[in-house]
Amino acid sequence: MLEGSYRNMSELEIAINDPVSKFIQKPILLPANDSVEDAAKLMLDRKIGEVIVTLNNEAVGIVTEWDIISRVVAQGKDPGKTTLQEVMSAPVLSVTPSLKAGEAIKLMSRNKHRRLLVKEGSKLLGVITLSQVVGSSRENTITLPLLEPASGSRCPYCGSILRDRDELSSHIDRVHVREEILRGAHGPNP
């Protein structure tokens, strides 16, 4: 199985039950006083979407492609004179390598982050990104609401959550079967 590419829900369920250590990518560390321009060139060269910002050999923030676009380019700042510390997102959330990927996804979703640091004690092991776990292209991505357990019954046709099986049955008859009959999918209209 390719990471981030799932043929069915059971493969995704396996992935979200795996520890985040399976998805770690090696971090690229840059000092806080390095320029955004240097970071952008390194990100382009290494084909990565983020760098970890360090101060006194400690991870203190993260700079992503989005940070460069929104906090430097869009504001007309000079990337050669702007430091990483000026535009980094901080603090950066971290998790342990044994945390399940599904729990990491929930943490990212709740905090509106797409990346987490993975640490063992104070040692930085790497970064986990949302796209590594749930997919990196539209056709391979599973929407995040499907990762949360639903209370009730989910419609297999449209994904709606209904209170119970009776409501689900009524919904399918009313919305999906009737819709098909009206379009002529099941023979002539009654």
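This is a short chat about a predicted protein model.

User: Before we dig in, what are the ground rules for this model?
Analyst: The model is predicted, so local features need pLDDT of at least 70 and side-chain atom pairs count only at pLDDT 80 or more, while totals for chains, interfaces and linings use all residues. Numbering runs from 1 along each chain as its sequence is written, and side-chain values use heavy atoms, with hydrogens and water left out.

User: OK, how many helices and strands are in the protein chain?
Analyst: Seven helices and eight strands. Those are DSSP runs numbered from the N terminus: helices are H or I with at least four residues, strands are E with at least two.

User: And what share of the residues is buried?
Analyst: 36% of the 190 residues. Buried is under 20% relative accessible area, exposed is over 50%, and partly exposed lies in between (1.4 Å probe, protein chains only).

User: Where does Thr64 sit, and what is it in contact with?
Analyst: Thr64 is in strand S3, residues 58-64. Leaving aside neighbours within four places in sequence, Thr64 is in contact with Met43, Gly49, Glu50 and Arg115; contact means heavy atoms within 4.5 Å.

User: Why does Thr64 count as buried?
Analyst: Because its relative accessible area is 11%, and the cut-off for buried is under 20%.

User: Switching to Leu130: which helix is it in, and is it buried or exposed?
Analyst: Leu130 belongs to helix H6, residues 130-134. Leu130 is buried, at 11% relative accessibility.

User: How many salt bridges does the structure hold?
Analyst: Five. A salt bridge here is a side-chain nitrogen of Lys or Arg within 4 Å of a carboxyl oxygen of Asp or Glu. One of them joins Asp18 and Lys22, with the closest N and O atoms 2.8 Å apart.

User: What about Glu37 and Lys41?
Analyst: Their side chains meet in a salt bridge at 3.7 Å, N to O. They're about one helical turn apart, because they are four residues apart in helix H2, residues 36-46. Glu37 is partly exposed at 33%, and Lys41 is exposed at 53%.

User: And how far apart are the closest N and O atoms of Lys106 and Glu103?
Analyst: 3.5 Å, in another salt bridge. Lys106 and Glu103 are three residues apart in helix H5, residues 101-111, so about one helical turn separates them. Lys106 is partly exposed at 23%, and so is Glu103, at 39%.
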